[in-house]
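Please read the following report alongside the sequence and the model. It goes through backbone features, a helix pair and charged side-chain pairs in turn.

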Amino acid sequence: MGPISSPEEGTSGEVLAPNGTGLSRIGVPEPGTPRRPGSRIRTHHLQLAKYNGERFAMLTAYEQYSAEIFDQAGIEVLLVGDSASNNVFGNENSLPVTVDELLPLCRAVSRAAKHALVVADLPFGSYEVSAGQAVATGVRFLKEGLAHAVKIEGGSFFTETVRAMVQAGIPVMAHIGFTPQSEHALGGYRVQGRGDDADRLIQDAVALAEAGAFCVLMEMVPAEVAAAVDAAISVPTVGIGAGNGTTGQVLVWPDMAGLRGGRMARFVKQYADIRSTLSDAAKAYGDEVRSGQFPGPEHTF
């Protein structure tokens, strides 16, 4: 995406107000004011990307080094995802991970990322009971996890939850389409928004944006439906398995970089083969230790 510039002179600088009650210029730089090189990506920079027809990249990160590398590579948004459940803690899905498990990961990512916007997933069971529970959990991720925003899963049912969180000063990214925390309720990993269900998906996105969500993420949604959602709302969208018509794209980094083995989802593109590289390095190290080649004189005091 590079440095994000403001809308052209004469275009609207309006965005959804922080309290989700309408349009406002709050938080939007004046026309002609670019983001300062090296400064922090903020939610309004993502909004400007949509206005300007620009795109941004988002990756998950769970610890210091991946966060530092992705941040320095110019990835605009880092997601401390509940996908840590099955990418860090060894669970089969995202359901078992807890707030207390995710908070230290979030702190590590937030401390390492100097420029990226850090978004934290609220894990299953930490926000569904009430808007009050969601606000309390969101506050913990901003105070203890040092996150800049949070993400919750679910449709228009959560509009009042989003509104309460935004009014409490917690920026919220909404997540619709396939929502992994609802895997059992949805009957497994299934594409959402097909046929008549497309209208419901659009309605969900509109309701969540009007409630104050600064961005809407869509997972495993037909490309034409995702494009229709993007056209229906003024806030930016992020896709994962949702085609190329969204403002941003997100991937789970062990999938993107080839760290995880096994079958990949159709929407994953692997940009490296880190698994093989690490495996070769570990084998070479083991062989040298067993043969007495390592440590050599140059590694000895």
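Pro 295 lies in the segment after helix H11 (274-291), where helices (H or I, at least four residues) and strands (E, at least two) are DSSP runs, numbered from the N terminus. The peptide bond that leads from Phe 294 into Pro 295 is cis, with omega near 0°. This is a predicted model, in which local features need pLDDT of at least 70 and side-chain atom pairs count only at pLDDT 80 or more, while totals for chains, interfaces and linings use all residues. Residues are numbered from 1 along each chain as its sequence is written, and side-chain values use heavy atoms, with hydrogens and water left out.

Positive phi values form the next backbone topic. Leu 146, although it is not a glycine, has a positive phi of about 65°, and its place is in the loop between H5 and strand S6 (149-153). Met 220 is likewise a residue other than glycine with a positive phi, near 50°, and it sits in the loop between strand S8 (215-219) and H9. Leu 146 counts as partly exposed because its relative accessibility is 34%, whereas Met 220, at 13%, counts as buried; buried means under 20% relative accessible area, exposed over 50%, and partly exposed in between (1.4 Å probe, protein chains only). A glycine, Gly 53, follows H1 and has a positive phi near 70°.

How do helices H5 and H6 cross? The axes of helix H5 (residues 131-143) and helix H6 (residues 159-167) come within 9 Å and cross at roughly 40°, the axes being lines fitted to C-alpha atoms, for helices over the stretch in contact, with angles running from 0 to 180 degrees between N-to-C directions. H5 and H6 are therefore oblique to each other, since angles under 35 degrees count as roughly parallel, over 145 as roughly antiparallel, 65 to 115 as roughly perpendicular and the rest as oblique. In this pair, Ala 131, Ala 134, Val 135 and Gly 138 of H5 meet Glu 160, Thr 161, Ala 164 and Met 165 of H6, contact meaning heavy atoms within 4.5 Å. The residues of this contact divide into 5 nonpolar, 2 polar and 1 charged, where Ala, Val, Leu, Ile, Met, Phe, Trp, Tyr, Cys and Pro count as nonpolar, Asp, Glu, Lys and Arg as charged, and the others, Gly among them, as polar.

A search of the whole structure finds 9 salt bridges, a salt bridge being a side-chain nitrogen of Lys or Arg within 4 Å of a carboxyl oxygen of Asp or Glu. The table lists some of them.

| Salt bridge | N to O distance |
|---|---|
| Asp 230 and Lys 50 | 3.5 Å |
| Arg 140 and Glu 144 | 2.9 Å |
| Asp 204 and Arg 200 | 2.9 Å |

The salt bridge of Asp 230 with Lys 50 links distant parts of the chain, with Asp 230 in helix H9 (residues 223-232) and Lys 50 in helix H1 (residues 43-51), 180 residues apart. Both Asp 230 and Lys 50 are buried, and the buried residues of H1 also include His 45 and Leu 46. Asp 204 and Arg 200, by contrast, both lie in helix H8 (residues 197-210), 4 residues apart, about one turn of the helix. Asp 204 is buried, with a relative accessible area of 5%, whereas Arg 200 counts as partly exposed at 35%. Salt bridges that share partners also join Asp 100, Arg 140 and Glu 144 into one network.
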